[in-house]
Amino acid sequence: MTVALTAAPVAGTAQAYSAASGTLSFSGDPGEPISGGQSYEYTAGAVQMFDVQGSRDENSLDVAIDSEPGTLWRLIVAAPDGQKLTEGTTYTGAEQWPYAQPSDPELVFSGIDNGTEKGCNTNSGSFTIEHISFGPYGYVRELDATFEQYCNGSAVPLRGAVHAVMPEPPVELAMGMNIDPEGTVDVPDGRITVGGTVTCNKPASVSLVGQVFQIQKKGTPGASYETTVACTPGAPVPWSVSLTSQEPGTSFQPGVATIRSRARADDRDYPVTADTGQQESEVTLSKS
């Protein structure tokens, strides 16, 4: 289920993980538009989803609760642009995007309750970060925060609190690439096969791009390649490509060639791409 919210998305967040423990509670007096004067409380483990995500720059966080079909709540808070959310700080004068100015904090609490959308066209309020602990790339380890929101000019506030302890953050993707010093060439068509191995500390789809060229007296045959390897941890995973020269009138021959290769993979847990950088080495081509 997707909730249409008047809030800027929290960009560059880590992969969603359900909280190990936590609660979200909120209430309002009669006349408060979102709570309807009722009190609500949701506990991690007793709902379908209790997720807390932080932005890579630690400027904002997003709390999402999916209680049951037709009921979902979302809290987004952010410090002024260029600032990190700081423990022990109360942020006043908060509004929802797009009305909040870059120098203002941002706050929006909204959702769907039993199929009925609950949200504000305009709002104002404040929030306090009582405790926050970040992991890699804005991963939220722990959070204790309170908030107060006035919806659509109402004088009756909604008040809430969120407490969460998240699972230990996953390891960051570490990746390596090796180029075999030996390759083969099929004479006379000049088709070569070169390759190597990739390693990783957690599953990743690794993209390899590169070029092979061979300096000869009568020309310089060369070819570019791109391939994808499903890398799994535990042992080096082989890769290979078969190529013919893309330079007109040239053909690879037995002997030494130069291979340049680069490996990249998106970290499935964090908004970052691992990159080995370009590696260059010589490969000896022998007749296949």
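## Strands 5 and 7 and their sheet

Strand 5 (residues 71–78) and strand 7 (residues 106–113) run antiparallel and are joined by 7 bridges; strands here are DSSP runs of type E with at least two residues, numbered from the N terminus, and two strands count as paired if DSSP finds at least two bridges between them. Arg74 has Ser110 in strand 7 as its bridge partner. This is a predicted model, in which local features need pLDDT of at least 70 and side-chain atom pairs count only at pLDDT 80 or more, while totals for chains, interfaces and linings use all residues. Residues are numbered from 1 along each chain as its sequence is written, and side-chain values use heavy atoms, with hydrogens and water left out.

An open sheet of 5 strands has the order 3-4-5-7-8 with antiparallel pairing, and its edge strands, each pairing on one side only, are strand 3 (49–54) and strand 8 (116–118).

## Nonpolar cores

The largest nonpolar core has 39 residues, and those with the most contacts inside it are Phe50, Trp73, Phe109, Phe127, Leu143 and Phe147. Such a core is a set of buried Ala, Val, Leu, Ile, Met, Phe, Trp, Tyr and Cys residues joined through side-chain atoms within 4.5 Å, where buried means under 20% relative accessible area, with a 1.4 Å probe and protein chains only. Strand 10 (residues 140–151) supplies the largest share of this core, 5 residues. A second, separate core of 29 residues includes Met175, Val185, Val206 and Ala265.

Not counting residues up to four places away in sequence, Phe109 touches, among others, Leu24, Ile34, Arg74 and Leu158, contact meaning heavy atoms within 4.5 Å.

## Aromatic pairs

Rings of Phe, Tyr and Trp (its six-membered ring) pair if their centres lie within 6.5 Å, and planes under 30 degrees apart count as stacked; by this rule the count comes to 9 aromatic pairs. The rings of Tyr225 and Trp239 have centres 6.0 Å apart and planes at 25°, so this pair is stacked. The pair links distant parts of the chain, with Tyr225 in strand 16 (residues 222–231) and Trp239 in strand 17 (residues 237–243). Tyr225 counts as buried at 6% relative accessibility, and Trp239 counts as buried at 5%. Elsewhere, ring pairs link Phe26, Tyr40, Trp73, Phe109 and Phe147 into a cluster.

## The loop at Pro136

Pro136 is found in the loop between strand 9 (123–134) and strand 10. Leaving aside neighbours within four places in sequence, Pro136 is in contact with Pro169, Glu172 and Tyr270.

Terms used
Buried means under 20% relative accessible area, exposed over 50%, partly exposed in between (1.4 Å probe, protein chains only). Helices (H or I, at least four residues) and strands (E, at least two) are DSSP runs, numbered from the N terminus. Rings of Phe, Tyr and Trp (its six-membered ring) pair if their centres lie within 6.5 Å; planes under 30 degrees apart count as stacked, over 60 as edge-to-face and the rest as tilted.
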